[in-house]
Amino acid sequence: MLFLIRMPLLGLHFVLVGILGVLIGLCRPFNPDNSRVFARLYGWPATWLMRLQVQAEVGPLFDQPPGCVIVANHQSNHDLFVLGHVVPPRTVCIGKKNLKWIPLFGQLFWLGGNVLVDRSNAYQARRAMQTTTRTLQEQDTSIWVFPEGTRNAGDRLLAFKKGAFHMAIEAGVPIVPVCVSRYARRLNLNGWRKQKVIIRSLAPISTTGMTHQDVPALAEQCREQMQRCIDLMEKELQASRAVADLS
């Protein structure tokens, strides 16, 4: 029953934020802080509707000045709402080119100054990466990337694609890992009990002195750190649920 109520409300929320976001974007097109504003508009009401309690522990992310590469795990389409709580100022995202065909959201994404990449066209993808490198170097703007390249609700992170790490080394900027606990498989849109989601950022990883030969090791170092963090958050949540069940 709750599912039949909740899904139309989430759909209405998605449309209303899309309309409001496009209007904001038209007033200040391609402003690098648009994405943060849009993310908050999507995130706060939606996570309340889904009964998700987001616990954000992202001091290292917000302490880092704009101009870094942020890498995060990607579990589901609901990441739009969950991660909307922690997008820092002056941050844009890299997304698939076909996102632009989603009504309202695609136009909002574009007006937010985000980067649309056609992964089937190697030349266009390289040009997009060159553009984002210049953005990191010259515009004090951070780039948010999902290095797994696809949604993954499993226990283990997939091998990371290398583009984000090439970009960070080319621009000479740090990488900030952001880890989200495994909420996707436990999400119950037909239930009313709150579910806690932890978002935790790790210390920035410097790329100073690195070359593109260091990319494979850098990507694996980042993946391993994030995997350990996610596993630890899961243990913390299991302990918290056990205590709640006993009380």
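The legends below describe close-up views of a predicted model. Local features need pLDDT of at least 70 and side-chain atom pairs count only at pLDDT 80 or more, while totals for chains, interfaces and linings use all residues. Residues are numbered from 1 along each chain as its sequence is written, and side-chain values use heavy atoms, with hydrogens and water left out.

**View 1. Helix H1 and what covers its buried residues.** Helices (H or I, at least four residues) and strands (E, at least two) are DSSP runs, numbered from the N terminus. Helix H1 covers residues 2-27, and its end C-alpha atoms are 37 Å apart, which agrees with the 38 Å that 26 residues should span at 1.5 Å a residue. The expected span is 1.5 Å times one less than the number of residues. Arg6, Leu10, His13, Val17, Gly18, Gly21, Val22 and Gly25 are the buried residues of H1. Buried means under 20% relative accessible area, exposed over 50%, and partly exposed in between (1.4 Å probe, protein chains only). Their cover includes helix H2 (34-49), helix H4 (79-82) and helix H5 (105-111), where contact means heavy atoms within 4.5 Å.

**View 2. The salt bridge between Arg200 and Glu57.** A salt bridge is a side-chain nitrogen of Lys or Arg within 4 Å of a carboxyl oxygen of Asp or Glu; the structure holds nine. In this one, the N to O distance is 2.6 Å. Arg200 belongs to strand S7 (residues 195-201) and Glu57 to strand S1 (residues 52-57), so the bridge ties together parts 143 residues apart in sequence. Arg200 is buried, at 13% relative accessible area, whereas Glu57 is partly exposed, at 27%.

**View 3. The salt bridge between Asp231 and Arg156.** The two side chains meet at 3.8 Å, N to O. Asp231 lies in helix H8 (residues 215-246) and Arg156 in the loop between strand S5 (142-145) and helix H7 (163-171), so parts 75 residues apart in sequence are tied together. Asp231 counts as partly exposed, with a relative accessibility of 27%. Both residues belong to a network of salt bridges that also links Asp155, Arg182 and Arg185.

**View 4. The salt bridge between Glu220 and Arg223 in helix H8.** The closest N and O atoms of Glu220 and Arg223 are 3.2 Å apart. The residues are three apart in helix H8, and therefore separated by about one helical turn. Glu220 is partly exposed, with a relative accessible area of 32%, and Arg223 is buried, with 15%.
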